[in-house]
Amino acid sequence: LGLDMEELEEIEEDAGLGNGGLGRLAACFLDSMATLGLAAYGYGIRYEYGIFNQKIRDGWQVEEADDWLRHGNPWEKARPEYMLPVHFYGRVEHGATGAKWVDTQVVLALPYDTPVPGYMNNTVNTMRLWSARAPNDFNLRDFNVGDYIQAVLDRNLAENISRVLYPNDNFFEGKELRLKQEYFVVAATLQDIIRRFKASKFGSTDSVRTVFDSFPDQVAIQLNDTHPAMAIPELMRIFVDIEKLPWNTAWDITKRTFAYTNHTVLPEALERWPVDLVEKLLPRHLQIIYEINQRHLDHIASLFPNDMDRLRRMSLIEEGGTKRINMAHLCIVGSHAVNGVAKIHSEIVKTQVFEDFAALEPEKFQNKTNGITPRRWLLLCNPGLAELIAEKIGEDYVRDLSQLTKLHEFVDDDLFIREVAKVKQENKVKFALYLEKEYKVKINPSSMFDVHVKRIHEYKRQLMNCLHIITMYNRIRRDPAKLFVPRTVIIGGKASWARRYHMAKMIIKLINAVAHVVNNDPVVGSKLKVIFLENYRVSLAEKVIPATDLSEQISTAGTEASGTGNMKFMLNGALTIGTMDGANVEMAEEAGEENLFIFGMRVEDVAELDREGYNAQKYYNELPELQQAVDQIESGFFSPKEPDLFKDVVNMLFHHDRFKVFADYEAYVKCQEKVSELYLNSKAWTKMVIRNIAAAGKFSSDRTIKEYARDIWHVEPSDLKIPPPNEPRDAVEDKTPNGTAA
């Protein structure tokens with residue numbers, strides 16, 4: 001047709017239906033489940049507006065609506081034949097036959113299906129996203145003929161449920177619309193799962209009633225954080241109120257069906273819904289949660305008589321001030337398995353965050369280290385490197401990433417070293433051209449590309465990177481003749497974490513203010529360039545990651561549950577500068593700590609510092625370069641027209657920095673000097689790159705999903721290639737595995 005494929009790819013909008021980490025992980029998991037031949041479904045909400053588009057105006061973040069459906073979405077298929085009702089509000093009637101939830105408002109859930117193809121195995125799974133629709137009699141039942149027009153306009157109220165994604169990452173905001181969204185996806189999905197179970201040969205009915213004994217053997221439901229936690233009381237409501245199962249039977253089935261993945265230890269991120277809000281919106285579910293809690297606490301009391309403090313700590317209901325439901329506690333009590341997403345994180349979950357629960361049922365707690373799909377994050381985004389690897393070790397590694405260890409044989413192969421460096425250089429030149437086109441900044445493609453892309457958050461410490469940039473700038477100005485390894489520092493990410501939102505926006509403004517000064521200083525020239533990447537998203541990650549030399553993974557130890565960007569950079573030939581946090585720990589374990597630039601406090605050091613009290617002033621007084629950088633920010637060196645612009649940032653760093661930027665500054669700067677030193681020796685650098693790629697095999701989401709399948713869902717992955725539709729199927733008909741994972 002004379003069209004350019006790359007040009008066409010550029011036109012398609014990202015489906016930005018998540019906040020980054022969580023949503024992207026789910027996408028990698030769907031790819032792996034299909035590639036492993038698991039009968040699995042991904043369920044979620046079809047938001048009309050996804051994560052906001054970020055514009056940078058005068059150095060400030062400005063949000064724009066992400067109207068991603070504007071030109072239609074060719075990959076989805078609406079399935080009105082599977083539309084389902086979801087109930088809200090109302091009241092509960094208790095009668096001889098049990099509880100009845102009555103006088104509810106109904107919203108319809110319309111499913112849209114998107115195919116999820118496995119890699120070269122003719123398997124296609126389904127992602128089903130729900131869209132909210134008002135029933136046709138909405139607001140017209142109450143014979144209020146007077147205002148027919150208003151009644152039709154009010155349909156928007158129901159349909160607002162799937163209008164927009166809440167952009168808070170690692171922050172809980174107890175909004176009614178958000179709770180509606182959480183229950184909406186859960187209620188529709190569970191009806192769908194039960195309909196499918198009843199239609200299968202397993203949902204055998206004796207006369208009228210379905211027998212649910214085999215339900216947990218046929219259905220596994222994985223809760224991606226606590227956001228779908230209402231699924232636990234909802235499944236209990238279906239079993240007890242509708243299917244008339246005895247409580248104990250229903251609870252046993254429910255627990256064996258659900259498993260819960262925890263994704264964060266930050267206290268402000270944990271969901272704690274006010275009881276009065278739940279009572280208004282979902283009155284029956286509140287009663288069920290109370291009953292679950294009563295039985296749970298009775299059990300604890302029988303094991304630990306008179307330990308009132310333990311009962312208070314382990315309750316699903318938090319008293320004191322406004323009563324709240326601790327959704328993580330609900331998930332732990334209502335699931336047969338609980339996991340963290342990296343070894344260190346799972347340890348923290350067991351020994352700190354949920355220690356009482358882990359003491360009670362240690363066997364319930366597991367680790368499942370996150371992974372990424374090598375299809376998107378190598379083959380698709382970095383075809384040059386993927387091909388180079390295939391030439392050396394064959395193409396099978398794409399489905400079995402552990403085979404990358406074979407690359408260790410070529411660490412000293414001069415030709416291979418040159419080819420790896422050449423692919424990186426080509427990716428850098430291509431990205432440099434993109435940057436020059438988009439940002440009108442001249443980039444030196446032989447400079448070190450130092451990249452820090454992730455959500456803007458205090459715990460991810462973009463401010464520490466910023467202090468290092470200022471330090472490098474000051475060193476160049478102090479001694480312009482001295483040898484300096486040229487760097488292009490690229491920082492990107494969206495700011496949004498309610499309450500502390502102001503600080504996140506100030507961080508972006510500061511980075512842009514520093515960039516403006518550095519990029520326009522003739523003394524600095526091409527030695528140092530700073531770019532803030534606007535609107536960081538998956539499609540942009542696919543461009544920047546293959547071009548990166550240095551990956552910044554510098555969160556305070558004990559705060560980043562896992563991270564997955566770290567893995568993407570490792571697989572694409574970047575070296576990592578990072579703390580011993582999240583999956584960085586396991587990356588260092590796989591590659592050897594000497595092949596990463598590890599610095600700073602460990603979890604134990606952070607705890608020790610908390611005990612003795614963190615005093616930011618001390619570091620400021622003792623480190624002249626830190627002092628100079630902080631003084632420049634505070635005095636308005638980077639904001640001459642508004643000298644007080646960054647006072648709040650400096651005040652935070654001195655007086656309420658939970659994430660201890662100053663405490664790691666010195667170690668970070670020294671570590672960065674080692675990075676620069678190695679970068680001067682291109683061959684030694686590239687050898688370290690090869691050792692990293694060779695050690696990246698563990699971080700395939702295929703490995704992660706095999707572990708979930710084996711340890712939690714109890715299903716067997718199948719490497720059977722289903723024949724294409726034009727070939728007879730009887731050959732494999734009898735070999736499909738029994739179990740299905742939902």
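Let me start with one pair. D414 and K683 form a salt bridge through their side chains, 2.9 Å from N to O. D414 sits in helix α17 (residues 414-439) and K683 in helix α28, so this pair ties together parts 269 residues apart in sequence. How accessible are the two? D414 has 39% relative accessibility, so it counts as partly exposed. K683, at 41%, is partly exposed as well. A word of caution before I go on: this is a predicted model.

Now the overall layout. The protein chain splits into domain 1 (5-367) and domain 2 (383-699). Their centres, taken over C-alpha atoms, are 35 Å apart. Domain 1 puts 39 residues into the contact, and domain 2 puts in 46.

How much area do the domains bury between them? About 3400 Å², with 53% of it on carbon and sulfur atoms. On the domain 1 side, look at Q54, W60 and I344. These three supply 18% of the area that domain 1 buries against domain 2, more than any other three residues.

Next, what crosses this interface. There are five salt bridges between domain 1 and domain 2. There are also 20 residue pairs in polar contact, both residues at pLDDT 80 or more. Which elements of domain 1 give two or more residues to the side that touches domain 2? They are α1 (5-11), α2 (21-35), β2 (53-57), β3 (60-64) and α13 (343-353). By type, that side of domain 1 has 16 nonpolar, twelve polar and eleven charged residues. For a salt bridge to look up, take E63 and K505, with the closest N and O atoms 3.1 Å apart.

Two residues deserve a stop here. First on my list is V603, in helix α23 (residues 603-612). Its relative accessible area is 19%, so V603 is buried; the cut-off is under 20%. Leaving out residues up to four places away in sequence, V603 touches I344, A557 and G558. V603 and I348 are 255 residues apart along the chain, yet their C-alpha atoms are separated by 9.6 Å.

Then K698. Look for K698 in the loop between α28 (682-694) and α29 (701-713). K698 has 18% relative accessibility, so it counts as buried. Again without residues up to four places away, K698 touches K343, E586, E590 and R703.

Over to Y112, in strand β8 (residues 105-117). Buried or exposed? Y112 is buried, at 10% relative accessible area. Beyond four places in sequence, its contacts include R46, E76, M127 and R133. With R133 there is a polar contact, side chain to side chain, at 3.2 Å. Y112 and L528, by contrast, are 48 Å apart, C-alpha to C-alpha, and 416 residues apart in sequence.

Back to salt bridges. How many does the structure hold? The count is 62. One of them joins the side chains of R256 and D217, at 3.6 Å from N to O. R256 is in helix α8 (residues 247-257) and D217 in helix α6 (residues 215-218), so the pair ties together parts 39 residues apart in sequence. R256 is partly exposed, at 34%. D217 is partly exposed too, at 47%.

Last pair: D610 and K660, a salt bridge with closest N and O atoms 2.9 Å apart. D610 is in helix α23, and K660 is in the loop between α26 (647-655) and α27 (661-680), 50 residues away. D610 is partly exposed, with 48%. K660 is buried, with 4%. And one network to finish: shared partners link R79, E81, D113, R128, D192, R195 and R196 through salt bridges.

Terms used: Residues numbered from 1 in each chain as written. Predicted model: local features only at pLDDT ≥ 70, side-chain atom pairs only at ≥ 80, totals over all residues. Heavy atoms only, no water. Domains from an automatic or database assignment. Contact = heavy atoms within 4.5 Å. Buried area = accessible area lost by both parts, 1.4 Å probe. Salt bridge = Lys/Arg side-chain N within 4 Å of Asp/Glu carboxyl O. Polar contact = N/O pair within 3.5 Å; in protein donor to acceptor, adjacent residues only side chain to side chain. Helix = DSSP H or I, 4+ residues; strand = E, 2+ residues; numbered from the N terminus. Nonpolar A, V, L, I, M, F, W, Y, C, P; charged D, E, K, R; others polar. Buried < 20%, exposed > 50% of the residue type's maximum accessible area, 1.4 Å probe, protein only.
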